[in-house]
Amino acid sequence: MLGRHGRGVGPGYGRVVGPSGYFDAAAGLPTHPVAWQAMQAAAGDGWADPGKLYAAGRRARQLLDAARAALAEQLRVRPDEVGLCASGTAAAQAAVRGIRAARRRAGETVVHSAIEHSAVLHEAASGPSVSVPVDRLGRVDAGAFAAAVGAPGVALAALISASHEVGTVQPLAEVARSCAAAGVPLVVDAAQSVGRLPVPDGWSALSASARKWGGPAGVGILVVRKGVRWTPPWPGAEPAGLDQPGGLNLPAVVGAAAALRAVAAEAAAQRDRLHELVDRIRDRVAASVPDVEVVGDPVDRLPHLVTFSCLYVDGEALLHALDRAGFAVSSGSSCTASTLRPSHVLEAMGVLSHGNVRVSLPSDVDSAEVDRFLAVLPGIVADLRAEAGVVGL
Amino acid sequence: MNAEPEVLDCRGQRCPLPVIALARRLPGLPVGGVLRVLADDPAAANDIPAWCRLRGQEYLGRVDADGAPGFDVRRTG
């Protein structure tokens, strides 16, 4: 069956922005129609270098300032605490690297959960680091985290707001309190939460990615609170500026701000609907697919995301079979990764990594598409098991 | 003392094949018997213990043998 709506559409074509069966919202959403409109306007009006003093440059500066102010308002911070980067990955790395560099005298150790985004893990691993384990549901051990940040020589702590792979919300408020008690700045990767869930206060720096909330790709947000010591980690950067050096993609930044305002206004209303749809997936998959492990916290989780693993099934084959049925999902199985290693998040939780599927629903998902997914999945898994000769094992 | 464990050589097999081979072979052992799965796929270190938990078998730990990662499993039932 072909998607009802075809490919993502431009401005003026109504609320539905994605193809049906697109269940990989955590990787990125189709650009929101409001963002398209704002980007088109900004491309015509804000093409000049916002650093220039002539009229066209001043106009671009006004657009940039307004976009930054709108982002700051949504994130409940000051505009001069918001930096713009070329991606969420760059923002997450800059948060960690910049604070570590600024706090060298206090120490160089980065304390982080075992389930951080790989960008944070790689950055942490460029010096001394401590990885704090998670439980079977994928929630970091807050007590062990507190003990680790209380040790001498810690530059910063890093905790993802909610797992991008299994959806489990992390104990941020509790971890923020132990970081504050230890005098250690907390860096939060909020890429999966911004625009969907409120992020508890108490952090020192935060990173996010516009494509995760319906903004265009190529806009990362770096927030560093006033009073937090942060050294720009880029060569030649101005000491005072948070922005990644180089020309900003101003229309994309304007679109990102417009999309965030639009989705945040609807987020509370859609949260319950998505939460219930994911409940339906969790229940029906567990009931209708034999030998399946539905992972992550069933309650305290991202509203739109669920992960499960099917015993004896090849994850890549499952991904392709679902694609043929019209569903775009993601997988943490090693055979689907360019590294041929299983997801470090599934490993940290100690749950089955093969036959793994991550479903993450866009906000405007049609519940009939979810039902169609639930109708075809048991047959697809059964067929793959029959082909592999593992039925009854 | 326990006898030497039976060895199941899954080297070169990609996930989920070592777990499938384990599931096929273990019922052939007497209850209490130990099977050592040799598997160099990076997912095996995670998925063999996870399979034991799901199937109620006992994962004894990693014992490298013949220059390959080995994973010992005891049949409990």
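His164(A) lies in the loop that runs between β4 (154-160) and α6 (172-182) of chain A. This residue belongs to a predicted model, in which chain A has 10 helices and 10 strands.

**The surroundings of His164(A)**

- His164(A) is buried, because 23 other C-beta atoms lie within 10 Å, and the cut-off for a buried residue is 20 or more.
- Beyond its neighbours within four places in sequence, His164(A) is in contact with Ala26(A), His117(A), Ala191(A) and Gln192(A).
- Val345(A) stands 181 residues from His164(A) in sequence, but the C-alpha atoms of the two residues are 9.1 Å apart in space.

**Overall form of chain A**

- Chain A has a radius of gyration of 21 Å, which agrees with the value near 21 Å for a compact globule of 393 residues.
- Along the principal axes, the C-alpha atoms of chain A fill a box of roughly 70 × 55 × 35 Å.
- Of the 393 residues in chain A, 52% count as buried.
- Among contacts in chain A with a separation of 6 or more, 67% are between residues 24 or more positions apart.

**Packing of α2(A) against α7(A)**

- Helix α2 (residues 55-75) of chain A packs with helix α7 (residues 250-288) of chain A at an angle of about 30 degrees, and their axes are 9 Å apart.
- The two helices α2(A) and α7(A) are therefore roughly parallel to each other, as angles under 35 degrees are counted in this way.
- The crossing in which α2(A) passes α7(A) is left-handed.
- From α2(A), the contact draws on Ala60(A), Leu63(A), Leu64(A), Ala67(A), Ala70(A), Leu71(A) and Gln74(A); from α7(A), it draws on Leu250(A), Val253(A), Val254(A), Ala257(A), Leu260(A), Arg261(A) and Ala264(A).
- By class, the residues of this contact of α2(A) with α7(A) comprise 12 nonpolar, 1 polar and 1 charged.

**Packing of α7(A) against α10(A)**

- Helix α10 (residues 367-388) of chain A also packs with α7(A), at an angle of about 15 degrees and with the axes 10 Å apart.
- It follows that α7(A) and α10(A) are roughly parallel to each other.
- A right-handed crossing relates α7(A) and α10(A).
- On the α7(A) side, the contact is made by Leu277(A), Arg280(A), Ile281(A), Arg284(A), Val285(A) and Ser288(A), and on the α10(A) side by Ser367(A), Val370(A), Leu374(A), Leu377(A) and Pro378(A).
- The residues in the contact of α7(A) with α10(A) divide into 7 nonpolar, 2 polar and 2 charged.

**Contact between chains A and B**

- Chain A contributes 20 residues to the contact, and chain B contributes 14 residues.
- On the side of chain A that touches chain B, the residues comprise 11 nonpolar, 5 polar and 4 charged.

**Backbone details**

- Arg76(A), in the loop between α2 and β1 (82-85) of chain A, has a positive phi near 55 degrees although this residue is not glycine.
- Arg76(A) counts as exposed, with 10 C-beta neighbours inside 10 Å.
- Asp291(A), in the loop between α7 and β8 (292-295) of chain A, is another residue other than glycine with a positive phi, here near 50 degrees.
- Asp291(A) is partly exposed, having 17 other C-beta atoms within 10 Å.
- In chain B, Cys15(B) and Pro16(B) are joined by a cis peptide bond with omega of about 5 degrees.
- Pro16(B) is located in the loop between β1 (6-9) and α1 (17-25) of chain B.

Key: Residues numbered from 1 in each chain as written. Chains lettered and ligands numbered in written order. Predicted model: local features only at pLDDT ≥ 70, side-chain atom pairs only at ≥ 80, totals over all residues. Axes fitted to C-alpha atoms, helices over the stretch in contact; angles between N-to-C directions. Helix = DSSP H or I, 4+ residues; strand = E, 2+ residues; numbered from the N terminus. Parallel < 35°, antiparallel > 145°, perpendicular 65-115°, else oblique. Left-handed = near helix turned anticlockwise from the far one by under 90°. Contact = placed C-beta atoms within 7 Å. Nonpolar A, V, L, I, M, F, W, Y, C, P; charged D, E, K, R; others polar. Rg over C-alpha atoms; globule rule 2.2 N^0.38 Å. Buried ≥ 20, exposed ≤ 12 C-beta atoms within 10 Å, placed from the backbone.
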